[in-house]
Amino acid sequence: MRHLMNDLEALLPHVKKDAKLDSKNHLNLLPELADLNNCNNALYFEARRHEDLYLWAAKTPNGPSIKMHVQNMHTMDELKMTGNCLKGSRGILSFDKAFDDSEWGRLTKEVFTHIFGVPAQARKAKPFVDHVLTFSMLDNKIWFRNFQIIEKDPLQPNGPPQTSLVEIGPRFVLTPIRIFEGAFSGATVYSNPEFISPAAVRMAQKREKGNKYKSRKHAQLERSSRKEGRRREEDELAVAKVFS
């Protein structure tokens with residue numbers, strides 16, 4: 001999680017990173033922290049059970065806010081892609097047309113545009129556009145990718161312009177869970193009916209393993225009972241009885 005935060009901080013020149021929040025039960029403090037840093041948007045990473053990662057994207061202080069589950073996370077150092085971009089440069093935001101097919105998709109697109117779009121007055125931003133941040137929609141999940149824009153073929157530097165994309169990283173998949181009316185609170189505007197929590201998935205897997213163990217033990221008991229049923233009684237003229 002820490003490396004992903006550092007990657008996003010390097011990609012967005014207008015962000016301000018704050019310290020860890022002491023308690024996960026006091027999310028109402030986040031709009032105040034954003035106000036103290038003169039921020040209108042907030043990204044909050046919430047780790048649970050040391051293995052589940054959730055991402056909150058919110059407009060502060062009035063909302064809305066989106067809670068998402070982060071999956072298939074890969075950082076820049078882990079991927080080691082050949083793409084590269086200037087630190088502090090502006091990125092083009094590319095959204096899948098599937099975002100416009102639903103109400104929650106249009107709302108998510110608007111929130112992401114405000115968060116990942118570099119403002120014109122950003123002091124640390126450089127006047128260059130050399131990468132694309134893509135948000136794709138597949139299976140009701142949001143797939144994030146970052147690509148470098150190459151205007152010339154590296155093998156033919158003196159040739160005609162030929163635009164191509166090379167992935168930089170990071171990459172991750174977001175599963176929307178709920179959209180709240182306020183900032184980190186409020187009424188539920190949208191709830192994903194297909195989302196199953198990772199804890200419930202792990203519990204189902206453990207239950208399946210337990211059922212397999214029970215069925216195996218039950219089969220062993222049945223096999224031993226069948227063996228006992230097929231065993232014949234010892235004959236009266238058996239050697240063990242005659243010479244006992």
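Biologist: Which residue has its backbone oxygen 3.0 Å from a polar atom of the side chain of Asn-146?

Modeller: This is a predicted model, in which local features need pLDDT of at least 70, side-chain atom pairs count only at pLDDT 80 or more, and totals for chains, interfaces and linings use all residues. Residues are numbered from 1 along each chain as its sequence is written, and side-chain values use heavy atoms, with hydrogens and water left out. A polar contact is a pair of N or O atoms within 3.5 Å; within protein, one must be able to donate a hydrogen and the other to accept it, and residues adjacent in sequence count only if both atoms are side-chain atoms. For the side chain of Asn-146, the backbone oxygen that lies 3.0 Å from a polar atom belongs to Gly-169.

Biologist: Does Asn-146 count as buried or exposed?

Modeller: Asn-146 is found in strand β6, residues 141-150, where helices (H or I, at least four residues) and strands (E, at least two) are DSSP runs numbered from the N terminus. Buried means under 20% relative accessible area, exposed over 50% and partly exposed in between, with a 1.4 Å probe and protein chains only. Because its relative accessibility is 0%, Asn-146 counts as buried.

Biologist: What is the relative accessibility at which Arg-145 counts as buried?

Modeller: Arg-145 also lies in strand β6, and, leaving aside its neighbours within four places in sequence, its contacts (heavy atoms within 4.5 Å) include Val-132, Glu-167, Pro-170 and Phe-172. Arg-145 counts as buried because its relative accessibility is 19%.

Biologist: Which strand do the buried residues of α2 pack against?

Modeller: Helix α2, residues 29-36, has Leu-30, Pro-31 and Ala-34 as its buried residues. Seen down the axis, these fall within an arc of 100° (taken from the directions from the helix axis to the C-beta atoms), so they line one face of the helix. The face turned away from this buried side carries the exposed residues Asp-35 and Leu-36, while the buried residues of α2 pack against β1.

Biologist: Within what arc do the buried residues of α1 fall, seen down its axis?

Modeller: In α1 the buried residues are Leu-4, Asp-7, Leu-8 and Leu-11. They line one face of the helix, because seen down the axis they fall within an arc of 95°.

Biologist: Which element gives the most to the core, with five residues?

Modeller: A nonpolar core is a set of buried Ala, Val, Leu, Ile, Met, Phe, Trp, Tyr and Cys residues joined through side-chain atoms within 4.5 Å. The largest one has 29 residues, and those with the most contacts inside it are Phe-112, Phe-116, Phe-135 and Leu-174. Among the elements that give two or more residues to this core are α1, β5, β6 and β8. The element that gives the most, with five residues, is α4.

Biologist: What is the radius of gyration of the protein, given that a compact globule of 244 residues would have one near 18 Å?

Modeller: The protein has six helices and nine strands, and its C-alpha trace spans about 105 × 55 × 35 Å along the principal axes. The radius of gyration is taken over C-alpha atoms, and the globule rule is 2.2 Å times the number of residues to the power 0.38. A compact globule of 244 residues would have a value near 18 Å, but the protein has 29 Å.
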